[in-house]
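Reader: Could you walk me through this one, and show me the cut-offs behind the labels as we go?

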Amino acid sequence: MKRSLLFTLLFGINALSYAQSFEIRGVLPWHNFLSGPSAWNVQDYEKYLDECQKNGINFVAFHNYTGGGERYFNYVEPMIKIQYKNVLPETGFDHSGMARWGYLPMKVTEFAYGTDRLFQLPKGATYFGADCSVLAKTNEERYELAQSLMQNVLEMAHARDIQMAMGFEFGVAPPEYASIRTRDDMYWLGHGSIVYNPFDSDATGILYATIDNILETYRGIDWIYLWLNEHCMFGIDPAIALKNQHMKEFFDENGKYFESEGIDDNLKFLGVWAQAYIQKSYDYIKRKAPGTKIVIGGWGAEYQMEQLLQGLDKALPKDVVFSMLNPAQGAKPHPEYFKTIAANRQIWAIPWLEGDYSLWHLQPRVHDMRTHVKKAADDGLNGVVGIHWRTAEIAANFEAFAHFAANPSDDQGVETSYRDYCLHNYGVYAAKYLAPLLASNDTSKILSNIKSDVYFAYNPSWGRLVPQQVKACRAMITALDDCLSNEKDNDHLANLTWLKANYEFTLLLNEVSSSIEPAWKIREDILSGTGRHHGELDINTALKRLQEAPIERLFTTYASRVRSRGELGVLSSINQRVWREYGLLSDFLQNLLSTP
């Protein structure tokens, strides 16, 4: 897309405006899905950091999964190499040959309706993903190539006066380390998680090896980000954990910090456990690299980090910076008590430029960016960091976030933001007639949170629309057709066509998922053994619905708008989920009909 007016405005703001801006104006591009930085190469990072610099962003952070609970148990990303006692865990960024996030593995040559031609794979590769992932021949190479890539990212960030943080989740470790314990209390189990005892010598050795690798690999790194694990403490029994004498003594001394209303015994233990890990990390980093700054972060749900920060504020050194993802995937701003913490330590809010509930759809959040960033300024926070995966689909959100991070006192409204965005991306006519509709959809949230929760496998509930959403999509397409007939500039026409394809895809996915549902239900009934009988008529009807699905138009429509690495990642995901399931269901039904 063409450079927006906000780019120009941000570089034209004067020193007084910058003096009123947040000290930290950051981004947190999240690794895990193929639509995000897991599939980026060096040129993608370079383009991204250029956009950050143009928008006044001065901080970029990266989070690593290093094992843990639930579906993360064996998920070890290679940006940090946690090698302890000569044990080197299996690692690798995800690619289209993996199944971690509900992907059904596929080679690019298997993609539907010629969409494979959009993927320019490096020589020797058969799967879509980052070059460092699909070209590595060994586990050691996966670490080496990924870390070399991120070393380049650090250099590029610093060349643009952008600070960088590398982060990991404390208290969990790659699954290989569960076997090396020399004491019975090295770890505890809960809800499928292995939670490490901060007072076990091997657990501490793993922690120190993690920090050492960050400092040695990323020389000059500005920050180390310590994350509370998303799933680690569900179902932990503190009574079992506190059989460890050292843990019990530390708990007895520090439990007083976590006794506020709403804190049960499990959360109280989690708070003290987190305090111990953070303090150990802090002390070690201060010894090894006293100039490296420390920030902690985690998830904002009531049963995760939100209840703990007030106690940690009382217990931890004041130069530890606090942060937390805004609750409910960014549907809510930061909690009210941040204002109290901000009076005595640095604390950042983390608004969501998009949520991972809807990563196949547009997520208009200009209103939320304006509201959440301005609230952070009103409450005295010194930083805001925007989490996201994709880039093209969230451009308006990103620019609004960056604008208000640099100008939090600006009263510019949502429609004005969209008018400026449309003017420079879609043309004068669109700025007048399209911007109000975009702003209305944004503030009403009518097209927000359409289901495509890519942290799970596809099912026919994905993409389903209520009648009001169908009507809103059709209204957008009509308005875009009007703009297309009144615009002459080729770049604006291309951008309008791209936007129209987003809404067309949304309508088509609704139809495709609806057509898949009858076949899906028959397979579920049969394989789950519910006893429900499906006769030949039911099966033929379901097969006919499946065959009538506008599946080819779904793929060709999405493929027509691909022009970013993240969109390639979504296209790969659609192939691995929808196309693969479509074929499996067709085969299943036809086998039923052919079986006597």
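Reader: Which way do α13 and α14 cross, left-handed or right-handed?

Author: α13 passes α14 in a right-handed crossing. The label is about how the near helix is turned from the far one by less than a right angle: clockwise is right-handed, anticlockwise is left-handed. Bear in mind that this is a predicted model, where local features need pLDDT of at least 70 and side-chain atom pairs count only at pLDDT 80 or more, while totals for chains, interfaces and linings use all residues. Residues are numbered from 1 along each chain as its sequence is written, and side-chain values use heavy atoms, leaving out hydrogens and water.

Reader: Why is α13 called oblique to α14?

Author: The axes of α13 (residues 395-406) and α14 (residues 414-425) come within 11 Å and cross at roughly 120°. That makes α13 oblique to α14, because under 35 degrees would be roughly parallel, over 145 roughly antiparallel and 65 to 115 roughly perpendicular, with the rest oblique. On the α13 side the contact is made by A395, A396, E399 and F404, and on the α14 side by S417, Y418 and Y421. "Contact" here means heavy atoms within 4.5 Å. Sorted by class, α13 with α14 gives five nonpolar, one polar and one charged residues.

Reader: How do you know how α20 runs relative to α21?

Author: α20 (residues 551-560) packs on α21 at an angle of about 170°, and their axes are 11 Å apart. That makes the two roughly antiparallel. From α20, the residues I551, L554, F555 and Y558 meet a set in α21 that includes E567, I574, V578 and Y582. The α20 and α21 contact has ten nonpolar, one polar and one charged residues.

Reader: And what does α18 do against α21?

Author: α18 (residues 490-528) and α21 (residues 565-594) pack at about 35°, with axes 10 Å apart. This crossing is left-handed. Among the residues of α18 in the contact are W498, F505, W520 and R523, and they face a group in α21 that includes E581, L585, F588 and L592. The tally for α18 with α21 is 17 nonpolar, no polar and three charged residues.

Reader: Let's move to the sheet. What closes up, and with how many strands?

Author: Eight strands form a closed barrel with parallel pairing, in the order β1-β2-β3-β6-β7-β8-β9-β10. Neighbouring strands there are turned by 25° against each other on average, ignoring direction.

Reader: How do you know that β3 is paired with β2 and β6?

Author: Two strands pair if DSSP finds at least two bridges between them. Six bridges join β2 (residues 59-64) to β3, in parallel, and F62 stands opposite M166 in β3. β3 also pairs in the parallel sense with β6 (residues 223-228), again over six bridges; there, F170 has L228 as its bridge partner in β6. β7 (residues 293-297) and β8 (residues 321-325) pair in parallel over two bridges, with I296 opposite F322 in β8.

Reader: What makes β3 "mostly covered"?

Author: Seven of the eight residues in β3 (residues 163-170) are buried. Helix α5 (residues 139-159) lies across β2 and β3, at about 140° to β3.

Reader: Why is T210 called buried?

Author: T210 has a relative accessible area of 3%. Buried means under 20%, exposed over 50% and partly exposed in between, with a 1.4 Å probe and protein chains only, so 3% qualifies as buried. T210 is in α6 (residues 201-217), and leaving aside neighbours within four places in sequence, T210 is in contact with I80, I82 and F168.

Reader: And what label does T371 get, buried, partly exposed or exposed?

Author: T371 comes in at 34% relative accessibility, so T371 is partly exposed. T371 sits in α12 (residues 366-378).

Technical notes
Axes fitted to C-alpha atoms, helices over the stretch in contact; angles between N-to-C directions. Helix = DSSP H or I, 4+ residues; strand = E, 2+ residues; numbered from the N terminus. Nonpolar A, V, L, I, M, F, W, Y, C, P; charged D, E, K, R; others polar.
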